[in-house]
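The structure is shown first.

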Amino acid sequence: MPDGGIGAPTKRREDTRFLTGRGKYTDDFTPQNTSYCAFARSQVANGVIKSVDTSAAAEMPGVLATFTGEDFVEVGGNPAGWAIVSRDGEPMKEPKRPVLAHGKVRHVGDAYAAVVAETLEQALDAVEAIEADIDEQDAVTDMASAVAGAGSMVHDEIETNVCFDWGWIEDNRAATDEAIKNAPHVTTLELINNRLVPNALEPRASIGEYDPGTGDYKLTTTSQNPHLSRLLIAAFVLGIPENKLTVLAPDVGGGFGSKIYHYSEEALVLAAAKKLGRPVKWTATRTESFLADAHGRDHVTKIELACEKDGTFIAFRTETMANVGAYLSNFSTVTPTFLHGTLMAGNYTVPNVYVNVKAVFTNTAPVDAYRGAGRPEATYSLERVIDKCARELGIDPVEIRRKNFIKKDQYPYASAAGLEYDSGDYDTLMDGLEKVADFAGFEARRAESAKNGKLRGLGINAYVEACGIAPSNLVGILGARVGLYDAATVRVNPTGNISVMVGAHSHGQGHETAFPQIVADMLGVDPQSVDIVHGDTSKIPFGMGTYGSRSLAVCGSAVFRATEKIIFKATAIAAHMLEDKPENIEFNDGVFSIKGTNKNVGFGDVALKAYIPHDYPIEDLEPGLEETAFYDPANFTYPSGAYASEVEVDPETGKVTICSMVALDDFGVVVNPMIVTGQVEGGLAQGIGQALLENGVYDDTGQLLSGSLMDYAMPRADDLPNLVVDHSHATRCTHNPIGSKGCGEAGAIGSPPTIVNAVVDALSRGGHDVDHIDMPVSPSRVWAAMNK
Amino acid sequence: MPKITMNINGRETSAEVENRTLLSTALREKLHLTGTHIGCDTSQCGACVVHVNGKAVKSCTIFASELDGANIDTIEGQASPDGTLNVIQQAFQDHHGLQCGFCTPGMVMSAAALLKENPKPTEAEVRDYLEGNICRCTGYQGIVNAIMAASGQDVPSIAAE
């Protein structure tokens, strides 16, 4: 095997350009003759657009064009990617999401007009000159009021604010209700999963270009999935033929879900570029990111856990209201349903699970998948109610989990929430956690904290998630409007080096380093001779992009399959060169040999023969050495983990300090442990941010109170402890060829309940009767809970 | 528009800028030094940190027109002309101190300023100094490790296995 194959902590090749200022992000591109776009955005959360007058703006210096909602009445809306059916059989409500607001504005930041000018400053000045007569209406921002229909309708035409009322699994409902009614013990917890603003550090940006000579469009944009964006723009919104539209997602400065979706600004710059025949560029300010990026989470939940007196779980029942904001973003309907409800059995052998989710329109920014997407909400509800139950029954929180864990000899395991977990070993993870987090030493550390006047607590958590979403046939039955395969083309060049075109997109995940490790491992070549091409629809096969921790499990598997095809064909060529049959040829470490002999030929010579096919079996074999594979997974993958955190609470102020954060994860086969560790650390920081700091808050009138980095608390270096990450306790994924499960979201899933459990533990041990505090667990909330 | 001349990464460079043009915008739009990034509009994120006359400055907090005659160092001037990374840059690569790369120029420039002031900072001092630089990807662990390593101090192995 070459150095730097699967399992090597190879340093990242992409770092060189990022560390020297040579990364090329969307805003770094300024094509010749670029014009600049700025948007007029609603300052009210709900309003009837009486008129939008752009005539004064159009006369401003440098202004090239103005647009309003009227200009896009004839084009399509930005669709939801997943159709959900309510419990009563009704399809979900899907009001149109136009390019620019028309008739009504529905959230603060909703764009209703745009200006394109010679310079950005001229465009911004002209936006100020747009005269909009918008009749402000009462806003509805609170989900309970929205469901009750007490105030306004976000979309008058659908006559309700409930998008759908979904049950999972409906056939389990009666049994679950009955089990809870008859159970010896029931623990109930009401909680809020706080709204988060993704805040990828690079604000969204888009450049539209149109070539009047060819009729070709090009969109350079901050996307996690350029082909998906192209499909949405082409098939649903603007109707540009796919073959006439290239979408380029160059270096992208983080996504975390928020750059999965097609946004109106992309359609606007393309339409404007066509009208003007010159490039049109838009770059969001951070303020625009806060107001108009899709947010995350925002559930209000009631969960009930029914169990025997000894803590054996009998049933979990969840009722959730999930905020979808003012419009349905592309994945907004699948996130609170199939990415949430299907995980509500957790790591446990509980026989009865039922989940009800009402998706609710409000006059707030759209809410969609954000790092973890539904699974953090599921894990948080479950792992919080389990901790509360353990406390009520006087059972150790580790023991109650172990008592109910699926055991390692029970796989494949059909969970009561409808998934088939293929592999895992939760007890071994918990064994490891007890050692790495030094549970035995906790009492001594607690005594030390007490001496310093601090309350110390230990919180734990176990999670399982579903990644690598998933068989296209299955998701189609469940309502998906797209397939969920991915694709790779492996092109061996005549001189033996290799270009791999992939459908996944790397925006921090290190694909340019990790994917070559797979190919190099299989072909026995130097990883440095393998390059990854991604992000450009004119170069790569049609792939679905990067989200849901799917890149390695799905696209990596496509790379694996395409490389297998390369080996198959190269073996046939080698057999001809060695004058034997393919079945007599073996391939090891880059060398084809006749079995049992020392007659051999190297991979490089075979590659050259493929492209210079003299003395070549041309009747049986095409020249060239290039193969494409589309990989459609047989199942989800099921990463799991066990996390622990110790916190100190200052009883005088309520301030929580995280003393330790330990994450043990089972990701299956790890291709690059350095990158995987980094992914977990980043996820932990986002989870800690949710638990302690971050909160997207709207007031009753629909103004976003935490609308800037001055008001929305992002985790900084001094908010975080040293993060301890261990992914050595691995069980292989049984159904994909690499054996990997996915690691991107784990940290953000496992850490919030761990920390809240630790804070409640600290307060309980300190003699306070506190069984829950909603996130973010801020000093004021902790202090209030202690002093109620 | 005023014309200003600055010494940027060791080279005399002139540009015409509006009075309202920030240094960050001037670097990116007028001088095509797009390594300096703009991540916010409230001077919170630190992606635009450069050195002005040897001191770390968020380049979105200062007007370019005030800087006639100033010495400016940006991320583009940190590596050797042949691309060899400097000690801090190399430590960021060695310790996985970056993922998407967007905050990285500001982080590297802040780290350089820190180590100039305080060549052997404690971990707590590193974390405190980076208060003005937001990274959304790394959880800061790789960044802190990189800066400790760049100062010649031991850091735990980054790979858990």
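In α9(A), Ile386(A), Asp387(A), Cys389(A) and Ala390(A) meet Pro397(A), Ile400(A) and Arg401(A) of α10(A). Contact here requires C-beta atoms, placed from the backbone, within 7 Å. The residues of this contact comprise 5 nonpolar, no polar and 2 charged. Ala, Val, Leu, Ile, Met, Phe, Trp, Tyr, Cys and Pro count as nonpolar, Asp, Glu, Lys and Arg as charged, and the others, Gly among them, as polar.

This is a predicted model, in which local features need pLDDT of at least 70 and side-chain atom pairs count only at pLDDT 80 or more, while totals for chains, interfaces and linings use all residues. Residues are numbered from 1 along each chain as its sequence is written, and chains are lettered from A and ligands numbered from 1 in the order in which they are written.

Helices are DSSP runs (H or I, at least four residues), numbered from the N terminus. The axes of helix α9 (residues 375-393) and helix α10 (residues 397-404) of chain A come within 9 Å and cross at roughly 115°. The two helices α9(A) and α10(A) are therefore roughly perpendicular (65 to 115 degrees).

Between the chains, 48 residues of chain A are in contact with 47 residues of chain B. These helices of chain B each give two or more residues to its side of the contact:

| Helix | Residues |
|---|---|
| α2 of chain B | 87-94 |
| α3 of chain B | 104-117 |
| α4 of chain B | 123-129 |
| α5 of chain B | 141-150 |

The largest share of that side, 4 residues, comes from α2(B).

Ala114(A) is in contact with residues including Cys37(A), Phe67(A) and Leu268(A), leaving aside neighbours within four places in sequence.

Conventions:
Two residues are in contact if their C-beta atoms, placed from the backbone, lie within 7 Å. Axes are lines fitted to C-alpha atoms, for helices over the stretch in contact, and angles run from 0 to 180 degrees between N-to-C directions. Angles under 35 degrees count as roughly parallel, over 145 as roughly antiparallel, 65 to 115 as roughly perpendicular and the rest as oblique.
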